[in-house]
Amino acid sequence: MTSTACFIIVSRNDIPIYEAEVGSAAKREDAAQLHQFVLHAALDIVQDLAWTTSAMFLKAIDRFNDLVVSVYVTAGHTRFMLLHDSRNEDGIKSFFQEVHELYIKILLNPLYLPGSRITSSHFDTKVRALARKYL
Amino acid sequence: MEPDVSIETSCMIRIAVLPIGKVPPPLLRDYHSMLLPHHTIPLSTISSFYTEHQKSPFAHQPWDTGSLQFKFLLGGSPPSPWEDFQPYRKFLSVIGICHCPSSPDLDHVIDQFNAACKIYTSALVLRCFAFCPGNSQLDDGKKRENLVLFPPADRTMQEFHLHTMMQDIAASLLMEFEKWVLQAESSGTLLKTPLDSQATLSSEEVIKAKKRRLARAQKTIGDYCLLAGSPVDANAHYTTALELARLTADYFWYAGALEGSVCAILVDQIGQKDTGVEDEVRYRYNNVITHYRKSFIQDNVQRVSPITFELEATLKLARFLCRRKLIKEVVELLTNAADGAKSLIDANDRLILYVEIARLFGTLGYQRKAAFFSRQVAQLYLQQENRFAATSAMQVLGMTTKAYRVQSRASITKHSISNETEPGNADNGKLHHLLVVSLFESQWSTLQMVVLREILLSAVRAGDPLAAWSAAARLLRSYYPLITPAGQNGLASALKSAAERLPSGTRCADPALPFIRVYSFPLHPSQMDIVKRNPAREDWWAGSAPSGPFIYTPFSKGEPTKNGKQDLVWIVGEPVQVFVELANPCGFDLKVDNIYLSVQSGNFDAFPLSVDLPTNSSEVIMLSGIPTSVGRVEIPGCTVHCFGVITEHLFRDVDNLLLGAAQGLVLSDPFRCCGSPRLKNVSVPNISVIPPLPLLVSHVVGGDGAIVLYEGEIRDVWINLANAGTIAVEQAHISLSGKNQDSVISIGYEKLKSALPLKPGAEVTIPLTLKAWQLGLGESDTAAGKGVSGSMGRTVKDGCCPSLLVHYAGSLGDARDLEKNKTSVPPGRRLIVPLQICVLQGLSFVKARLLSMEIPAYVGESPSNPANVDGNHSNKAVGYGSKIERLVKIDPFRGSWGLRFLELEMSNPTDMVFECYMQRCSRTELC
């Protein structure tokens, strides 16, 4: 498992709807903030890059110092963004694909309003388990 | 590192602009701005100042098309250690600026100028421009070297003079360059950079340096050719330099020469769009970057490193490609450049690097990236811990607020506000979900809080209380659910301490607390109803109110009102009330010093109110005011004096917030968390103000309580009507409405008519005759029951009492006005005087029965004469007295008198004494 990783789901309206620090490193508040800042800035690059390829997994698209941003864009233009410091591309890809399935299950919930925050604790546990498995 | 570098920087002649003596800052800026347009001097214009002393080394100088480029630096800067490597870093000329009225002694000025020029050892041309000289200074014929007096003239004339002087400077510089190049070619100077300055220590390095000397000289000559505006010459020298540098493995100078050659190509090809050039530039610059990297020497990395040149070259290429819109490559270059920041030794260099990266991302349109690097810049500034750095940090953070969506309202332009109102206007409960979402786009609360906190911190450090107040207010208002009560208290005290340093009455565009929403706009009470007047009819009020049993009739309804908004009419000079709800969802007691309705149209006097809101509470308050002039009244929100600053709280913002909360997009609904019930969205109605109207108030003489009547009772009542308005009542008419209208037997119309016109303050008393109606079955039961229980049943039942409708109006206005504009008829009003009649049960009839009785007949006695048949009888008298014979008939068979008695049983549940009289009616004939 990587020491630093931050996973965020950004809705098509650029609102973060799910965020999780999934790294094994000790959590520090200012580090978590920096992670979000890097991810927020990477949206600019995603916005251009997403239209240049038909693949959902855009690989590592941006970096700042040692932190790399990998992105997965769903068909509904929801973006899964992972900030990490390791280069385990295959693991990240599998992680994204499995999270995508979980996300689709959330979308199928008739009580979930697309674009609003994901508050399901079940989703949270599953995502963290996937992070432990793949990252 | 230097800010704002581009490939073309290599051909710019740097000129220091220094103030000499006392020059007021605005004037200095003005003189500097006069210089700025002269940044390019075409070679063709300087030929008159140019004299060829020797054969010019610039053989291919393009005298028709070429030009010299100037870069003016106000205030100059200390010399760079890399001057020898890149001559464009030298200050090749110094221009002093002197404002003569503030420094009268010209000799002193020259001394000061010369002293100031001392540090600019590389300067080849020195000039001191003295503006606005006095007569004595002009007459003083003494010739002073390098001092140029500009005779007082208008601005265009002065600019013309300045232009001439700049041409002179350009020509002098060109001649100096020629001299330098000729000298360098013949003798040769040892050119060093900080990179190899240690080389002086070892003799081996000196020998190596001598070998490299020629290549370096060629490169420098090329640089001067470029500065002299001759790219072809420059290119020739660079080619030689590249060859020689490669041979001596002098990578650093190789890269420098390559950089120069790219600039030469660009200057040569200026104005031509050639993709070949673009590829060439890209290829060569990548080469430049690799060679700068190669020149990295491990042993002097602690002291000096060529990394800054590598980064500068990267930024130059990025800027070049940015113009060509090659976004992907630029992003790649900038990301690489950002990585280089770690290896920069000087914090200042890192600052410049981040500034440049942010600027380039900004030009690409990557606002979020730009904001990210701007924030890095701000953090570097904040590390410096001084006031000026804090001010810079605050300004830089201010630029990021747009990308992070935490702008101060003051920075949002009017235009974008008007755009935002569009969805706000459409909110009649049908706002589409997507539209709501778009209102809260890009809400990264964590980032927004961090940015606002940093703005607050830097503003406090920079000593800008207003910015601090605004940041704290935004933080508190938008993110209170994410802040602990202790943090909220901290922000509240930050607000207070910022306000202490502000002058009283300061306004801030960003509202803090409380949250304010419209609770209700009360309509006119029925006593003050406004009725449209139809001047063509005698009964002018007819048709204005819906007639018939239906609330809605398709005929009376005109065109449907827009937006389904209700319309409200206010009258000049009559106080009005609006209910608003305030909420304080934070963990401290909020003291609102003043709150009043904010009216943009300016025709409304609002009355302020002071409110205390305890922790986590909401309160409905009544705000009032008086309309002062005719027109529309726009009430966008409330003005609040809280935490020492005046702010504007718009209802629309809170409506949007509540809408977002309902969709789960905003953190929390401030009203619900204060325990206030959910309200339907109340929108501000369209309010118009009309000119003053008369205002009648009524009261029943003898007390406004219910008029107690017993069934069947007839009584006179007086109603007093007073004109409380400022306009006389010209017309008045009384009519009745409601149930039991026939209980009003007469109305004193004449009394009212004779009192007209009723002047302001005058009053009239109208007599009214009332007759109590019969209680129904159910009513009588309840009344009786109440009577028994002792409460006397004085409660007046709604709806069973009649009301007096007084339609009244002021004068019709000028008849000519009337013809011009039908709508200008001032409306009338309607006063509803409910007659609070309480009918009590009086005597009630219980039962009646006929009793028969036989009396033996006294034959011979005839019944008395029947003349008195129609007399009145009381029930007590029945069966007695002299008139009894009428009721008696003789039974001829039995010989006796048959008598019939009618026994009536009445009950009196009241404590009153009734006198009863009987009357015979035709239908109830007895027997």
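## Arg368(B) and its neighbours

In this predicted model, Arg368(B) touches Asp14(A), His40(A), Ala41(A), Leu43(A), Asp44(A), Gln47(A) and Ala403(B), leaving aside residues up to four places away in sequence; contact means heavy atoms within 4.5 Å. Arg368(B) belongs to helix α12 of chain B, residues 367-383. Helices (H or I, at least four residues) and strands (E, at least two) are DSSP runs, numbered from the N terminus.

Arg368(B) counts as buried because its relative accessibility is 10%; buried means under 20% relative accessible area, exposed over 50% and partly exposed in between (1.4 Å probe, protein chains only). Its side chain forms a salt bridge with that of Asp14(A), at 2.9 Å from N to O.

## The interface of chains A and B

The rule finds five salt bridges across this interface, each a side-chain nitrogen of Lys or Arg within 4 Å of a carboxyl oxygen of Asp or Glu. On the side of chain A that touches chain B, two or more residues come from each of β1 (5-10), β2 (16-21), α1 (29-49) and β3 (57-64). The largest share, 13 residues, is from α1(A).

In total, 30 residues of chain A contact 35 residues of chain B. The two chains bury about 3000 Å² between them, 58% of it on carbon and sulfur atoms; this is the accessible area (1.4 Å probe) lost on putting the two parts together, summed over both.

## Conventions

Residues are numbered from 1 along each chain as its sequence is written, and chains are lettered from A in the order in which they are written. Local features need pLDDT of at least 70, side-chain atom pairs count only at pLDDT 80 or more, and totals for chains, interfaces and linings use all residues, while side-chain values use heavy atoms, without hydrogens or water.
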